[in-house]
Amino acid sequence: MVISAPVDYNRGQWTSSGGIDGVPKKIPVPQKLLTMARDQGGLVSSAQCDGAGVGSSMRRNLVTGGSWQRVTRGVFDTGDVRHGLHPYDRDRLRSAWTALLANRRAIAAGACALVLHGVKGLPRRITPEATFPGGAARKSRDGITFRQYGTGLETVRLHGREVVSVAHALVQALPTLTRDQAVACLDSALSQDLIQDGHLAEIRRLLKNRKGSLKVISWLPLADGRAESPTREPRTPAESRRPYCARRPAA
């Protein structure tokens with residue numbers, strides 16, 4: 001028996017095309033493309049699709065058939081995400097890759113860069129954000145923010161793409177977060193050795209004269225890489241100076 005697309009229990013893996021006497025035939029999406037999508041929050045780019053043999057005609061069939069969704073120009077949601085991925089992590093990963101896949105020269109920035117570095121404590125919903133080499137200007141579109149940052153921006157190579165370094169991404173993201181979220185991100189970065197205590201002085205220096213920086217600078221002393229969880233209850237500066245063993249465990 002032939003099953004027409006879309007197939008609810010296997011979204012993203014099949015599309016339909018005209019068959020004999022108008023009976024739809026199923027066409028499999030290459031597994032290597034779906035594997036790639038799972039690492040990118042379920043998203044793939046047109047270039048990645050072309051490389052896997054999924055041309056524009058097949059992509060159009062997948063979208064019109066309801067198996068895939070078009071996120072923005074050149075980016076598609078296959079609906080195929082990593083098994084066991086928490087919905088909050090899926091949403092954050094999707095935002096990060098939406099910005100990256102929208103332009104092949106894009107560099108993940110701000111909260112999106114922190115997601116790709118594995119920093120915890122960010123809000124569930126973050127704005128897709130990227131920048132470009134040399135601070136080149138690009139027009140934001142479809143909810144994606146393309147920012148211009150000056151020279152001296154540190155980047156690293158992750159998942160085959162350029163990503164702003166953890167310290168510089170924190171400088172970009174912290175002013176957009178609440179105190180609890182900001183401290184949770186700092187704790188997470190420290191506990192995973194993504195940054196060292198010495199980086200806090202650099203972050204303080206880079207934050208100076210940035211919009212919203214005064215409040216963020218006052219939060220830096222709250223950071224403690226020994227914190228048990230990025231979601232533990234808020235602390236005052238006095239509490240952060242107490243011995244770790246004396247701190248009340250998070251509920």
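Predicted model: local features only at pLDDT ≥ 70, side-chain atom pairs only at ≥ 80, totals over all residues.
Is R125 buried or exposed? R125 counts as exposed, at 64% relative accessibility.

Residues are numbered from 1 along each chain as its sequence is written, and side-chain values use heavy atoms, with hydrogens and water left out.

**Salt bridges**

Side chains of opposite charge can pair when their charged atoms come close. A salt bridge here is a side-chain nitrogen of Lys or Arg within 4 Å of a carboxyl oxygen of Asp or Glu. By that rule, the count is 12 salt bridges.

| Pair | N to O distance |
|---|---|
| R38 and D80 | 2.6 Å |
| R90 and D91 | 3.2 Å |
| R125 and D91 | 3.8 Å |

Take R38 and D80, whose closest N and O atoms are 2.6 Å apart. This pair links distant parts of the chain, 42 residues apart. R38 sits in helix α1 (residues 31-38). D80 lies in the loop between β5 (75-77) and α4 (87-101). Helices (H or I, at least four residues) and strands (E, at least two) are DSSP runs, numbered from the N terminus. R38 is partly exposed, at 21% relative accessibility. D80 is buried, with a relative accessible area of 8%.

D91 forms salt bridges with R90 and with R125. The R125 and D91 pair also links distant parts of the chain, 34 residues apart. D91 is in helix α4, while R125 is in the loop between α5 (110-117) and β7 (129-131). Salt bridges that share partners join R90, D91, R124 and R125 into one network.

D91 is buried, at 11% relative accessibility. R90 is partly exposed, with a relative accessible area of 30%.

D89 also has its place in helix α4. At 26% relative accessibility, D89 counts as partly exposed. D89 and R124 are 35 residues apart in sequence, yet their C-alpha atoms are 7.3 Å apart in space.

**Cysteines and a serine contact**

How many disulfides does the structure hold? The structure holds zero, a disulfide being a pair of cysteine sulfur atoms within 2.5 Å. C112 is buried, at 0% relative accessibility. C185 is buried too, at 0% relative accessibility.

S188 belongs to helix α7 (residues 179-191). This serine is buried, with a relative accessible area of 4%. The S188 side chain reaches the backbone nitrogen of K120 at 2.8 Å.

**Helix packing**

Two packed helices are described by the angle between their axes and the distance between the axes. Axes are lines fitted to C-alpha atoms, for helices over the stretch in contact, and angles run from 0 to 180 degrees between N-to-C directions. The axes of α5 and helix α6 (residues 166-173) come within 7 Å and cross at roughly 140°. That makes α5 oblique to α6. Angles under 35 degrees count as roughly parallel, over 145 as roughly antiparallel, 65 to 115 as roughly perpendicular, and the rest as oblique. The crossing of α5 past α6 is left-handed, a term for a near helix turned anticlockwise from the far one by less than a right angle.

Terms used: Buried < 20%, exposed > 50% of the residue type's maximum accessible area, 1.4 Å probe, protein only. Polar contact = N/O pair within 3.5 Å; in protein donor to acceptor, adjacent residues only side chain to side chain.
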